Amino acid sequence: MDFYKERYDVIIIGGSLAGLAAALQLQSKGVSNVLVLERGNFPGGQAAGYVQNGFEFQIPLPGTMFVGTKKEPSKTGQFLHDMGMDGGWQPVSECYRVVLPDFDIDVTLHAGYERAAREINAVVPGTYDGVIGLMNLCRQVHDSMDVLSGNWPGRMQMMMKHAEFVRTAGYSAAEIISTFRLPQKAVDILNAQWVYMGYSLDTVPFTEYALWMAECFAENRLCQEPLAKLALKMQKKAEASGIQVEFCQEVDKILVKNGKVLGVRTAHGDEIHGDYVISTLYPDKVYPQMVEPSSEVPQNALRFVNSHKLSAAPVSVIMTIDGTPEENGIRNHFTFFSNTLDDEASDEPLSDAEVEHILTDAEPPLKDDVPAKGCPTNYDCITAVCPNYASQAAVPEGYTLLYLTALAPVTAFQNIGEDAYHDVKRRLADELIAAYINISGVDFRPWITEVEVTTAVTISHRLGTWKGAIYGHVPAMEHHVAARLRMKKQERFIEGLAFAGMDGNDAGIQVPGGLEAAQDVLNDMDEKRNADDSGQKTDKPVPQKGTDGSSQNTGKPIPEEGAVAPKQKKEAVENGKQN
Ligand SMILES: Cc1cc2nc3c(=O)[nH]c(=O)nc-3n(C[C@H](O)[C@H](O)[C@H](O)COP(=O)(O)OP(=O)(O)OC[C@H]3O[C@@H](n4cnc5c(N)ncnc54)[C@H](O)[C@@H]3O)c2cc1C
């Protein structure tokens, strides 16, 4: 037990981007008696990728890793800058290419609302005003949410300063988009991401649509290095600031007494005490499986879990191909392609007949034989990401790195037994590759040097990600992001337990989710401190306060409560640790 301190202010479960961001944020605000427990042997979680046969496979995050520009950084960008992590970020002008052969669409959109609107106008004339109007509205709503996530003003201020947000909050994305009277072709180009995700715009709140669209078409930068390196830097920085980060330490239980967190117990049996626990794991796993005793799980927490639908899980083919992207027919960074535009994903697992089809068709389909849907999963759009065009340092020299991903419901693999699993995986990979070759025109298969196929099963095995769902919960009108923002306290079902990323809060996954969870904990510490105005000495952590009342980093280390004894690592730790 002397491996750990007697007590921590905050214990963070998961050394992923969200977990490490939360740790660094807490430290920067003066709370450094923090422990991060990671079940794997490397930081970064899903974003870390892995090394195989000397090749570094990086999971690309072109969608939501929005850092903004150097001049106008997003909250994430500003945080990474403040932490000294902005070395490898370079502007990337391409937003995405969308290829829909059956709809005669092949267009590449670039950053900047006006530029993207002009590009859509070039293929669907007469749409500039509508598209720019929609994008500007998305931006206004986005900026309002940025303000409102910190401070919810009175009714008058809301009407005066956030009128567009108020006007649109009660409507679905489809309802608001329809007011711009855009031809369907322009809507299809704009909405490729949503078809890919399998989210119906009839049920996605416009507010959430706006948050994503405003960032997608804004000027942005991408990390030139593999995200694993960024995660490693975050870990090193955290450790250098006095935060304890431990690998190969799986948290088995979150200990709760009288509605309040006491700490955690690891799979090795260590009981560690802390005032707060931040979980990067889904509430779906935490409440039903990890809270001990289970009698401490409030009914409302279970209702919360049952009322949220899990997002999709990926079927991803990650390849290195000999030669340059151009030689392999790959012309751009990020492509959505599809033969259909059905955004309603079925929740059904692959049927026996579908599994049978996948297993028995003798040869993978070539070009014209590609299945009509263009996608072997229940979803209808595939993404192709070629990091050569954005993160050159993540690609082995002389090779092309290509990721093809289709999203499937988390239930897709439910009926596939162990004996069939590898054949199904291989077959899905064949179909994804053939579908891409169909639009790229160059059959690069003879030059593939490494290939890795990832499914929901891979991700849940490797990272413990609940059912392999990679995007948290499906956005829905009944869980409107603004309502959740206002109900934060009611959603704190167990005192001292916060969630980072994976839809634990309204901020989303990865770094923003981690920052939000850290802020929730800091606010709670502040509240407790203010309530404790008796002047008595308290053992509660005290975040440092700035003159404006906000917490801020004073640069002074917080006194430690008991030093860490020399680490007596268990054999498993010694074998697995890799830093
Ligand atoms: C193939 C693929 C493609 C993707 N593409 C994109 C994309 O294009 N755009 C995008 O925005 N996102 C994408 N994502 C999703 C993105 O990677 C994740 O949403 C994001 O990395 C989640 O970060 P997180 O920090 O919230 O959680 P995670 O990365 O899931 O981290 C959770 C951490 O907790 C650890 N852990 C789990 N259980 C325990 C336990 N019991 N005790 C201790 N530690 C535990 C895990 O090992 C992990 O490190 C993709 C993911 C995959 C797999």
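The questions and answers below walk through a predicted model of one protein chain.

Local features in this predicted model need pLDDT of at least 70, side-chain atom pairs count only at pLDDT 80 or more, and totals for chains, interfaces and linings use all residues. Residues are numbered from 1 along each chain as its sequence is written.

Student: How many helices and strands does the protein chain have?
Tutor: Helices (H or I, at least four residues) and strands (E, at least two) are DSSP runs, numbered from the N terminus. By that count, the protein chain has 19 helices and 19 strands.

Student: What share of the residues of the protein chain count as buried?
Tutor: A residue is buried if 20 or more other C-beta atoms lie within 10 Å of its own, exposed if 12 or fewer, and partly exposed in between; C-beta atoms are placed from the backbone. The chain has 579 residues, and the buried share is 49%.

Student: Is strand β1 mostly covered or mostly open?
Tutor: Strand β1 spans residues 8-13. Of its 6 residues, 6 are buried. That makes β1 mostly covered.

Student: Which residue stands opposite Val10 in β12?
Tutor: Two strands pair if DSSP finds at least two bridges between them. β1 and strand β12 (residues 271-279) have 5 bridges, in the parallel sense. Opposite Val10 stands Tyr276.

Student: Which residue in β2 is the bridge partner of Ile11?
Tutor: β1 also pairs with strand β2 (residues 34-37), in the parallel sense, over 4 bridges. In β2, Ile11 has as its bridge partner Leu35.

Student: What are the edge strands of the open sheet of 7 strands?
Tutor: The order is β7-β6-β15-β16-β17-β14-β18, with mixed pairing. An edge strand here pairs on one side only. The two are β7 (105-110) and β18 (448-454).

Student: Which residue in β16 is the bridge partner of Phe336?
Tutor: Strand β15 (residues 334-337) and strand β16 (residues 382-385) run antiparallel, joined by 4 bridges. In β16, the partner of Phe336 is Thr383.

Student: How are α4 and α10 placed to each other?
Tutor: Axes are lines fitted to C-alpha atoms, for helices over the stretch in contact, and angles run from 0 to 180 degrees between N-to-C directions. The axes of helix α4 (residues 128-148) and helix α10 (residues 206-216) come within 8 Å and cross at roughly 100 degrees. Angles under 35 degrees count as roughly parallel, over 145 as roughly antiparallel, 65 to 115 as roughly perpendicular and the rest as oblique. So α4 and α10 are roughly perpendicular.
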